[in-house]
Amino acid sequence: MLTFHRPEFARELAESLLGIRLFGATSGLFLANRRRTGKTTFLLADLKPALENLGAVVVYVDLWADQQMQPGALIAKAIGSTLREHEGVGAKAIAGGLRKISALGVTVEVGSAQLGNEVSLADMLAELHRLSQRKIVLIIDEAQQATVPGSGGMEAMAALKSARDQLNLGGKYTLGIVMTGSDRDKLCRLVNTNMAPFFGSEIDIMPTLDHHYTDWMADLVENDRHDIRVDRGVLHQAFADLGHRPELLHQIIGQLTGIGRPPADRFNEVLAERAAQERGACEVQYANTYAGLKPAAKAVLSRILAGRGQGMFKPDAKAEYRQVAGKTLADTQIQGALDKMRGGESPLIWKSDRGDYALEDTRMRDWYQSLKNSGNWPPVP
């Protein structure tokens, strides 16, 4: 799939992270947006090169890539891999060849004579800085995975915060951190309480692809198919109906321009129809899912849909449940509803290690808000 680049946005973030801009993000950058909206593509195709062009060493790790491995181990493995790339022949010769070190439960082979057998993330990052003599930026994609109960991820986040403080001590700037996630509510667990590892940091919504992207797509279509004239407004609305997911838009356009395609003069009409159908199918799915829940689950989910996924057993929450369910819910009923909606192959909700809850599919909140705004909540079965 062709890649749409955002070089200006990437350079702005890179300069902010590296302290080039006066009011930068040297304490860290936290970006949230839903899945399939182009976050990872931007990180790898735009932000990483922009940082490297400004002289930084970039370590990228996706905490979603291997959910069987603990977040801390994934991070240590990524740092270790980058460390080996920068050791060079001299460092390995001094160390007498590769040897194993251990950090956060993962064993990594390195050749550095500067590291002991047991090291911290700060030790590894400091050694990477020593070898490269460059600023380090650690990009952690799907960082909300660090807050999954039992993953040890919060300990890894605390270790990273300690590493940042150590390497940036005394006003020198050595380590920058970028964390992205598919949901703002989930990323908040890393910053929103005084016990959170990055307490005080701000979470920004990463801008979705806009009309610049859809105009670019329109140009591609017209250059490939000279008989098609794309209505830019229709394409932009279709992209919005598809939840700003480029992969899905590419798929539909491929169907409309490939074998078995509709006539060229119907391209815009059929594109709008397909996108509206996709949006409608999602809304029907949400409505059917909600209708199939028991009263207790509907009551609990309604609170989470409204963005109040904390304090699920507090008096104000129980008062909300009583209005929706028509009766007072016992703690066991509330917990049972939460557990059931977290289970199965397609869980509705997600739980942090602090006991807060959020939607797995954040588009469901758009559906809820649309019905709420039009006075049609709750949906009629």
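Is serine 182 buried or exposed in this structure? At 5% relative accessibility, serine 182 counts as buried, where buried means under 20% relative accessible area, exposed over 50% and partly exposed in between, with a 1.4 Å probe and protein chains only. The residue is found in the loop between strand 6 and helix 6 (184–187), and, leaving aside neighbours within four places in sequence, serine 182 is in contact with Asn33, Arg34, Arg35, Lys39, Glu142, Gln144 and Thr362; contact here means heavy atoms within 4.5 Å. Helices (H or I, at least four residues) and strands (E, at least two) are DSSP runs, numbered from the N terminus.

## Basis and overall picture

This is a predicted model, in which local features need pLDDT of at least 70 and side-chain atom pairs count only at pLDDT 80 or more, whereas totals for chains, interfaces and linings use all residues. Residues are numbered from 1 along each chain as its sequence is written, and side-chain values use heavy atoms, with hydrogens and water left out.

The protein chain has a mean pLDDT of 88, with 91% of its residues reaching 70 or more; pLDDT is the predictor's confidence in each residue, on a scale from 0 to 100. Over residues 89–99 the pLDDT falls below 50, and beyond near neighbours in sequence this stretch has 23 contacts in the model. The chain contains 14 helices and nine strands, and its C-alpha atoms fill a box of roughly 70 × 65 × 40 Å, taken along the principal axes. Of the 381 residues, 47% count as buried, and among contacts with a separation of 6 or more, 64% are accounted for by residues 24 or more positions apart.

In helix 1 (residues 7–17) the buried residues are Phe9, Ala10, Leu13, Ala14, Glu15, Ser16 and Leu17, and what covers them includes strand 1 (29–32), helix 2 (39–53) and strand 6 (175–181). Just after helix 1, glycine 19 takes a positive phi of about 75 degrees.

The 12 residues of helix 4 (residues 121–132) should span 16 Å at 1.5 Å a residue, and the end C-alpha atoms are 16 Å apart, which agrees; the expected span is 1.5 Å times one less than the number of residues. Helix 4 has Leu121, Ala122, Met124, Leu125, Glu127, Leu128 and Ser132 as its buried residues, and it is followed by glutamine 133, whose phi is positive, near 55 degrees.

The axes compared below are lines fitted to C-alpha atoms, for helices over the stretch in contact, and the angles run from 0 to 180 degrees between N-to-C directions.

| Helix pair | Axes come within | Crossing angle |
|---|---|---|
| Helix 11 (residues 295–305) and helix 13 (residues 331–342) | 9 Å | roughly 75 degrees |
| Helix 10 (residues 267–291) and helix 14 | 10 Å | roughly 85 degrees |

Helix 11 and helix 13 are therefore roughly perpendicular to each other, given that angles under 35 degrees count as roughly parallel, over 145 as roughly antiparallel, 65 to 115 as roughly perpendicular and the rest as oblique. On the helix 11 side, Ala296, Ala297, Val300, Leu301 and Ile304 meet Gln333, Ile334, Ala337, Leu338 and Met341 of helix 13. By class, this contact has nine nonpolar residues, one polar and no charged, with Ala, Val, Leu, Ile, Met, Phe, Trp, Tyr, Cys and Pro counted as nonpolar, Asp, Glu, Lys and Arg as charged, and the others, Gly among them, as polar.

Helix 10 and helix 14 are likewise roughly perpendicular to each other. Their contact is made by Cys282, Glu283, Tyr286, Ala287 and Tyr290 of helix 10 together with Arg363, Met364 and Trp367 of helix 14, and its residues divide into six nonpolar, no polar and two charged. Arginine 363 lies in helix 14 (residues 363–373) and is buried, with a relative accessible area of 18%. Not counting residues up to four places away in sequence, arginine 363 touches Arg34, Arg245, Cys282 and Tyr286.

Aspartate 231 has its place in the loop between helix 7 (211–224) and helix 8 (232–241), and at 38% relative accessibility it counts as partly exposed. Aspartate 231 and alanine 122 are 109 residues apart in sequence and 53 Å apart in space, C-alpha to C-alpha.

Valine 234 lies in helix 8 and, at 22% relative accessibility, counts as partly exposed. Valine 234 and alanine 272 are 38 residues apart in sequence and 6.5 Å apart in space, C-alpha to C-alpha; leaving aside neighbours within four places in sequence, valine 234 is in contact with Asn268 and Ala272.
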